[in-house]
Amino acid sequence: PVAILTGGTAGSLLLMPSQTMYSLAEAGWLLLKPAHSGVFVVVALNTGKRVTTWRFGAGTQPLPLIIAHRGDQSAAPENTLAAFRKALAAGADGVELDVRLTLDGQLVVFHDRRLDRTSNGSGLVNEHTLAEVKSLDVGAWFSPKFRREIAPTLDEVFETLPSDFLVNVEMKVMIKGMKLIAQRVAETILRHQRLSSTMVAS
């Protein structure tokens, strides 16, 4: 699948790999029932080449892009290398991820302000050093087979995924830390020469 036409929240285009699949028509339309969800998603199939840059004009793509929100969340714990690899393998055009600053000013891929929901730690992410955050298990809450999965850095994500695989980096920060996180993200993108395949949002 390369385009989600409906589904997600607020019109967002999210990859949601299915547990149940139904044929809608011979013309390549499918109805997917995502895991752990009662929402059905209409998907158009396309065998075309994957888009490898964010530099395209409005209306120039024949179909919307599939951007896997925090990776393939139905198959692996969110915002982990496992989730990003599975999104790539499933045929997504790219992934969306969240970065936060740690206590020592390093970038870590983590959605929530607090560690509690998706790790075996507790407290605020920005009150822990990168080493402390990376010592936590961020996979066992999802499934025992992901035990010992660790929160990646943005560097590690870029090193894991193809350089032309689209990445949407969302900076999670209060106003006070905006300048530093923007600087760190920009430095990381430049270091990996990913100007065309990375988009930054906040």
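## A buried pair: Glu78 and Arg70

Both Glu78 and Arg70 are buried, where buried means under 20% relative accessible area, exposed over 50%, and partly exposed in between, using a 1.4 Å probe and protein chains only. The two side chains form a salt bridge, with their closest N and O atoms 3.2 Å apart; the term stands for a side-chain nitrogen of Lys or Arg within 4 Å of a carboxyl oxygen of Asp or Glu. For Glu78, the relative accessible area is 9%.

A word on the basis of these values: this is a predicted model, in which local features need pLDDT of at least 70 and side-chain atom pairs count only at pLDDT 80 or more, while totals for chains, interfaces and linings use all residues. Residues are numbered from 1 along each chain as its sequence is written, and side-chain values use heavy atoms, with hydrogens and water left out.

Like Arg70, Asp98 is buried. The element names follow DSSP runs numbered from the N terminus, with helices (H or I) of at least four residues and strands (E) of at least two.

Glu78 has another partner too: its side chain meets that of Arg117 in a salt bridge at 2.8 Å, N to O. This pair links distant parts of the chain, 39 residues apart, with Glu78 in the loop between S5 and H1 and Arg117 in the loop between strand S7 (107-109) and helix H2 (130-134). Arg117 is partly exposed, at a relative accessible area of 41%. Put together, Arg70, Glu78, Asp98, Asp112 and Arg117 are linked in a network of salt bridges, and the structure holds nine salt bridges.

## An aromatic cluster

How many aromatic pairs does a search of the whole structure find? There are two aromatic pairs. Trp141 and Phe142 have ring centres 5.7 Å apart and planes at 80 degrees, so they make an edge-to-face pair. The rings of Phe142 and Phe146 are likewise edge-to-face, because their planes stand at 70 degrees, with centres 5.8 Å apart. For these labels, rings of Phe, Tyr and Trp (its six-membered ring) pair if their centres lie within 6.5 Å; planes under 30 degrees apart count as stacked, over 60 as edge-to-face and the rest as tilted.

These ring pairs link Trp141, Phe142 and Phe146 into a cluster. Trp141 is partly exposed at 39% relative accessible area, and Phe142 is partly exposed at 25%, whereas Phe146 counts as buried at 8%.

## Glu149, a buried charge without a bridge

Glu149 lies in the loop between H2 and helix H3 (154-160). Although buried, Glu149 has no salt bridge, and the nearest side chain of opposite charge, Arg85, is 5.2 Å away. In this count Lys and Arg are positive and Asp and Glu negative, with His and the chain ends not counted. Leaving aside neighbours within four places in sequence, Glu149 is in contact (heavy atoms within 4.5 Å) with residues including Thr80, Leu81 and Ala82.

## Helix H1 and its cover

Which residues of H1 are buried? They are Leu81, Ala82, Ala83, Phe84 and Ala87. What covers these buried residues includes S5, S6, S7 and H3. Just after H1, Gly91 takes a positive phi of about 100 degrees.
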